[in-house]
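Work through the exercises below with the sequence and the 3D structure open. Try each task before reading its solution.

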Amino acid sequence: MTASIIDGKAVAARLRASLAERVAHLPFRPGLRVVRVGDDPASGVYVRNKDRAAAAAGFDSATLQLPADTDEDTLVDLVAELNTDPVVDGILVQLPLPPQIRQDAVIAAIDPAKDVDGFHPLNAGRLAMGAPLHRPALVPCTPKGVMHLLREAGARLPGARAVVLGRSQIVGRPMLQLLLAADCSVTVLHSRSRDLAAECRRAEILVAAVGRPELVRGDWIGEGAVVIDVGINRLPEGRLVGDVAFAEARERAAAITPVPGGVGPMTIACLLENTLEAALARRGAAG
Ligand code: NAD
């Protein structure tokens, strides 16, 4: 079997276009503020891409740049201002933060209704509770993007055996919750798990988010599985690879995401989707 490629770039472009269409019909522009402390070059590219995508989709987006030596109180005060600013619907504080700032304290300071990264404990808690309809959660962007890709790939989710490799707060854990909410039977594997290969081989849906270049080999993949590779790893020679050995896995999977061009582009598109959802919920407008 040679897997079909799940084209995240194309799916993300379609999602951004549909968001732009919805925004064009609103009486306001959803407002997104990205706060960046210091100038880590890797996150710089990411922040510029966010700004470009947001502007192209008709959002009112701006990046607020603070110096690398900013203290926690100053950042929390800025977040408090954005919380009360009526034109701001979504706040994203770019992580990681410099060591003098406690990440948890800043995330907890964000109004959960504007927490478009979905990292606030209230949103994480609502997601873990199954996000009751009267209290929907803002969901972390990368796992939300994975769910879009699974649906695009035509994966049958109810009852499917899903394996998530990695248990981080930003990917693995919310991924578990979203797959569970979609009625999958989910196993989460991590750095202390045993028999990774055998566990992965049983998966009908495999989501890898470990940050270890090509950890998942071809013979870890069950015949006909749908494989979503969240990992982005730069090899010493400069090439980007995922957590899955792509060429090997492609021989066994039914569908697989490439790196780059798979999950990566979905993250920004889902950030815009979250910002629109937050704007509609907060302003009481109909989509
Ligand atoms: P993390 O380092 O916070 O978590 C990694 C997880 O993998 C941990 O739970 C750990 O237990 C597990 N792990 C580590 N080594 C392992 C091993 N040998 N066997 C089994 N489990 C192991 O990483 P993260 O933030 O979740 O990111 C994971 C990967 O996804 C990274 O490559 C990151 O760059 C990428 N990522 C991509 C996007 C995107 O937009 N596409 C977004 C976030 C993260």
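Helices (H or I, at least four residues) and strands (E, at least two) are DSSP runs, numbered from the N terminus. The model is a predicted one, in which local features need pLDDT of at least 70, side-chain atom pairs count only at pLDDT 80 or more, and totals for chains, interfaces and linings use all residues. Residues are numbered from 1 along each chain as its sequence is written, and side-chain values use heavy atoms, with hydrogens and water left out.

**Exercise 1. The whole chain**

Task: Find how many helices and strands the protein chain has, and compare its radius of gyration with that of a compact globule.

Solution. Step one: the count comes to 10 helices and 11 strands. Step two: the radius of gyration is taken over C-alpha atoms, and the globule rule is 2.2 Å times the number of residues to the power 0.38. For 287 residues the rule gives a value near 19 Å, and the protein chain agrees, because its radius is 19 Å. Step three: along the principal axes, the C-alpha atoms fill a box of roughly 55 × 40 × 35 Å.

**Exercise 2. The surroundings of strand β7**

Task: State which residues of β7 point one way and which the other, and name the strands that pair with β7.

Solution. Step one: in a regular strand the side chains alternate between the two faces of the sheet. In β7 (residues 205–208), I205 and V207 point one way, while L206 and A208 point the other way. All of these residues are buried, where buried means under 20% relative accessible area, exposed over 50%, and partly exposed in between (1.4 Å probe, protein chains only). Step two: two strands pair if DSSP finds at least two bridges between them. Strand β5 (residues 161–165) pairs with β7 in the parallel sense over four bridges, and A162 has I205 as its bridge partner in β7. Strand β8 (residues 226–229) also runs parallel to β7, joined by four bridges; here A208 stands opposite D229.

**Exercise 3. A residue in a loop**

Task: Decide whether V216 is buried or exposed, and list its contacts away from its neighbours in sequence.

Solution. Step one: V216 lies in the loop between β7 and β8. Step two: V216 counts as buried because its relative accessibility is 0%. Step three: contact means heavy atoms within 4.5 Å. Leaving aside neighbours within four places in sequence, V216 is in contact with L165, L206, A208, I221, D243, V244 and A245. Step four: V244 is 28 residues from V216 along the chain, yet their C-alpha atoms are separated by 4.5 Å.

**Exercise 4. Backbone exceptions**

Solution. Step one: most residues other than glycine have a negative phi, and most peptide bonds are trans. Step two: D195 has a positive phi of about 55° and lies in the loop between β6 (185–189) and α8 (196–201). With a relative accessible area of 57%, D195 is exposed. Step three: E214 has a positive phi of about 50°, and its place is in the loop between β7 and β8. At 25% relative accessibility, E214 is partly exposed. Step four: the bond joining L95 and P96 is cis, with omega about 0°, and P96 is in the loop between β4 (90–93) and α4 (103–109). The bond from V259 to P260 is cis too, with omega near -5°; P260 lies in the loop between β11 (255–256) and α10 (264–283).
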